[in-house]
Amino acid sequence: MNPSPSSTLSPQGSSKSNRDLFDQSALSDLAQRLVEAAKRAGADAADAVAVRGISQGVEVRDGRVEESERSEGDDVGLRVLVGQRQAVVSTNDASGDAVTKLAERAVAMARVAPSDKYVGLADPALLARDFPDLDLLDPDVPATSELERRALEAEAAALAVKGVSKSGGASASAGMGGMVLVTSTGFHGSYLRSSQGISATAIVGEGTSMERDYDFTSAPHGADLLSPEVVGRSAGERTVARYNPRKVETCKVPVVFDPRVAGSLVGHVVGAINGASIARKTSFLKDKLGQQLFSKNIRIIDDPLRKRGLRSQTFDAEGVAVKKTALIDEGVLTTWLLDCATARELGLTTTGHAHRGVSSSPSPGPYNLHLEPGTPTPAELIADIKQGFYITDLIGSGVNGVTGDYSRGASGFWIENGELTYPVSEVTIAGHLFEIFKSMQPANNLEFRYGINAPTVRIEGLTLGGR
């Protein structure tokens, strides 16, 4: 099979050093040699994954650069199968006879590994054959001076907001990551994506009355970033709005999640339908496939093929073709997230959700997730709330994936008569994910800014633990 187009990308106008970074042919050759060496050493089947990571970043505080760093490296992992026994080894040194030695060591490890009837490479019929261009690589790699400019502008914009007392720092980064996958069944694919980001943190108050907040932007292409000024100003405004928070009495009220935190609810759904949890029977949704969990207007989408998506790719870590999927469709749970091993264990077919690093075997995971928007505006969503809580920040991870019990620290703003009033902190929100899912109401303000995206979301009757 042919590699994806991104594996040989050589952007016009790029410097020679950049073209070298974009060229994955050496990694492809290395992965191919590893698979061939494994077969010679006695493996029945093998696959090799080579991962490229390049990053540079600048951090500033008080108008000065505090830290500037750059790192880059290529790593490779080899998975071998001897019968129903599997081993994974990795290295970042492929010089001399290292490839042969690595393959021989992997096969020796596999021969003494425990037998697992579910391991194995993907069915060749499921492998990706088309590699659409998802426009994931920005050929314009920003120089360190440009990253400094972005970070300094973001910090200056935050400090310019009235009420901000000092900077919590700002940063700008750029990087590139990619993967080459070669299997003994004939698959050969690769992808390469760039990433850029800007963030800023602001502080208001002093001592024990200090509050801080932040904002950030990230995207594969620099052109899709929010401007440094917008990021910094938003960080400053969010921070000032949090100043002098109050506590509230323990009560049971409607709770509204700001888009920045609403994606966490989608994350809880997806974590509970991960095939590994289903196979181990450690998910509270293990018996809920095909059942109505949400109202009929709720759809949760996983889209690995979204152009310029933060987590987009054209094949999974086993070479299986990926596709856009409605995980929740008209409120109904439609599928698990499966790789080949969990699919075999459950008597199903992989959904193309395998992920892996160089030192691990594949495991299921999502791509670009989003909750589809509803029809009301955010203002309409809270208009009838006499007393309620609008969450802008969540703390801790007190969510039990086995039982579905939900409890997290939170801060935000008190809602009175449909309006946001004073800031609130040091409260706990608690409930059960079944009830949260049933009452979920999304607004119409979906934006694609993160790996998991959701509009403003309203949930009925969560318990607030206050003073």
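The buried residues of helix H3 pack against helix H2 (25–40), strand S2 (64–82) and strand S3 (85–91); buried means under 20% relative accessible area with a 1.4 Å probe and protein chains only, and contact means heavy atoms within 4.5 Å. Helices (H or I, at least four residues) and strands (E, at least two) are DSSP runs, numbered from the N terminus. This is a predicted model, in which local features need pLDDT of at least 70, side-chain atom pairs count only at pLDDT 80 or more, and totals for chains, interfaces and linings use all residues. Residues are numbered from 1 along each chain as its sequence is written, and side-chain values use heavy atoms, with hydrogens and water left out.

The residues of H3 that are buried are Ala98, Val99, Leu102, Ala103, Ala106, Val107 and Ala110. Seen down the helix axis, these buried residues fall within an arc of 165 degrees, so they line one face of H3; the arc is taken from the directions from the axis to the C-beta atoms.

Turning to the strands, S4 (residues 166–183) is mostly covered, with 14 of its 18 residues buried. Strand S1 (residues 45–61) runs antiparallel to S4, joined by 14 bridges, and Arg52 stands opposite Gly178 in S4. On S5 (residues 188–204), also antiparallel to S4, 16 bridges make the link, and Ala200 is the bridge partner of Ala170. Two strands pair if DSSP finds at least two bridges between them. Four residues lie between the strands in the hairpin of S4 and S5, where Gly186 takes a positive phi near 105 degrees.

Definitions and conventions
Buried means under 20% relative accessible area, exposed over 50%, partly exposed in between (1.4 Å probe, protein chains only).
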